[in-house]
Amino acid sequence: MTLAERARRVIPGGVNSGQRSIPGLTDLVIARTEGSRFWDTTGREFTDYHAAFGPPLLGHNDPDVAAAVSAARASIGLTGVAVTEGEVTLAEQLVELVPSMEKVLLTSTGSEATFHALRLARAATGRRLVVKFQGCYHGWHDSVSLNVISAPERVGRPDPTSAGILPEVLAATLVLRFNDVAAVRQAFADHGPDIAAVILEPVPHNVGALLPTDAFLRALREECTKAGSVLVFDEVITGFRHALGGYQSLAGVTPDLTTLGKAIANGAPVGAIGGRADLMDLFSSRPGGPVFFAGTYNGHPDVVAAALATVRKLREEPVHEHVFRLGDRVRAGLAELYRTLDVPAVVTGYGSVFVSYFMSGPQPRSYDDLLANDTALFVGYRRRLVDQGVFELPLNLKRSHLSYAHTDADVDRLLEATETAVRHTLAEGGAEDLENATTMGGAVR
Ligand SMILES: Cc1ncc(COP(=O)(O)O)c(C=O)c1O
């Protein structure tokens, strides 16, 4: 029996997270990672642009991060009482770097951070409603588990990604179109006094990359301030990957709360929630705080050491310069390639993140625009890239990532492999078995 078969006998679906079981790749078992690469148990090598959905901005097993974790491990374990010097230093750095953060708390995952942000907002305002946007993902908890990658007929109404969510919880989340200022103004006109929080990915990367307009981010800030609602930027992907201060530092719009995760520790399991001190002081980490906050592994010394080493490297080395330059090269190269092949495509992204949508038209601004993407071509060319050892996730709309470990030679190879993959897909036809490759939570009806 193969390892993958053994896995399926004892692990539901054979994987430990919902979007890891990929149609056509169910026999894949990962053996090793290093830099920009991973290897499977049969010895096949892949250049990794999937990057675990985003954490390893420095590349896999970064030696400086690994050394910092080993040193921490040799001297300090988890005690579950008080605080450590590493936690203090990390919090000081986050407060210094991220414009909205006056105080910050650590979690183990991004989902915990967004969960706490919304519960805190409800507690602080005494209100019920949360606003999210179609296409944004904020983790697996009930208030935000809806309307991510929806089938066309599910856009414009509640589209839960999971069974088992109370209808009244779904009803307490309003889903709006991203970049739609009029819809935001209308939602506040209709429900302002009931809106506890507005949560968004400032760049919705869970559907590739929808770049926000300046007017949209400013309208959100304005309406939240006017109505007394809490504005939450979920920077779990954008934080550190696009800038050490998060996308907010680039956009010049400051939310009330910010959530971080993924790239802040280069792959170690960490999340963070920070923001206005008057809000953060409501958490029960401060004695008497009414909003319960706990977690056995919060601030684990290994993870804190990884985060501190990551911040140090991002501050001291030209990491962003490198990944932004490679990102520009990839986007320009892909756009040129599709022009040559005469394939309608929009190549977009930001910094180290890139994606090709197979559709014509201007830069997409909301999820509706992405419904024009040729899904069969998207999934089909991604599968053929994997066959060539270039790993971009073969699921609809998924973004790809560059790291400090990727090189110009990797980009050359990526462009060549993409040309082959797209040519073959056009000649032989796109993917047909799209059942589990196109939507998120598509089984919930
Ligand atoms: C924007 C965003 N927020 C929150 C989360 C949840 O983070 P985690 O998977 O660490 O719980 C994710 C995960 O992909 C994400 O992309």
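1. In this predicted model, an oxygen atom of the ligand is placed 2.6 Å from an N or O atom in the side chain of serine 111, a polar contact in the sense of a pair of N or O atoms within 3.5 Å. Taken alone, the ligand exposes 390 Å², of which the protein buries 84%, with accessible areas coming from the Shrake-Rupley method with a 1.4 Å probe.

2. As a predicted model, it is read with local features needing pLDDT of at least 70 and side-chain atom pairs counting only at pLDDT 80 or more, while totals for chains, interfaces and linings use all residues. Residues are numbered from 1 along each chain as its sequence is written, and side-chain values use heavy atoms, with hydrogens and water left out.

3. Two further ligand distances deserve mention: an N or O atom in the side chain of asparagine 206 lies 3.0 Å from an oxygen atom of the ligand, and a backbone N or O atom of tyrosine 137 is 3.5 Å from a nitrogen atom of the ligand.

4. Helix α7, spanning residues 214-227, has 14 residues and reaches 20 Å from its first C-alpha to its last, close to the 20 Å expected at 1.5 Å a residue, the expected span being 1.5 Å times one less than the number of residues; helices here are DSSP runs (H or I, at least four residues) and strands likewise (E, at least two).

5. Among the buried residues of α7 are Phe216, Leu217 and Leu220, where buried means under 20% relative accessible area (1.4 Å probe, protein chains only). The buried residues of α7 pack against β5, α6, β7, β8 and α8, contact meaning heavy atoms within 4.5 Å. Glycine 228, with a positive phi near 75°, follows α7.

How values were computed. Polar contact = N/O pair within 3.5 Å; in protein donor to acceptor, adjacent residues only side chain to side chain. Buried < 20%, exposed > 50% of the residue type's maximum accessible area, 1.4 Å probe, protein only.
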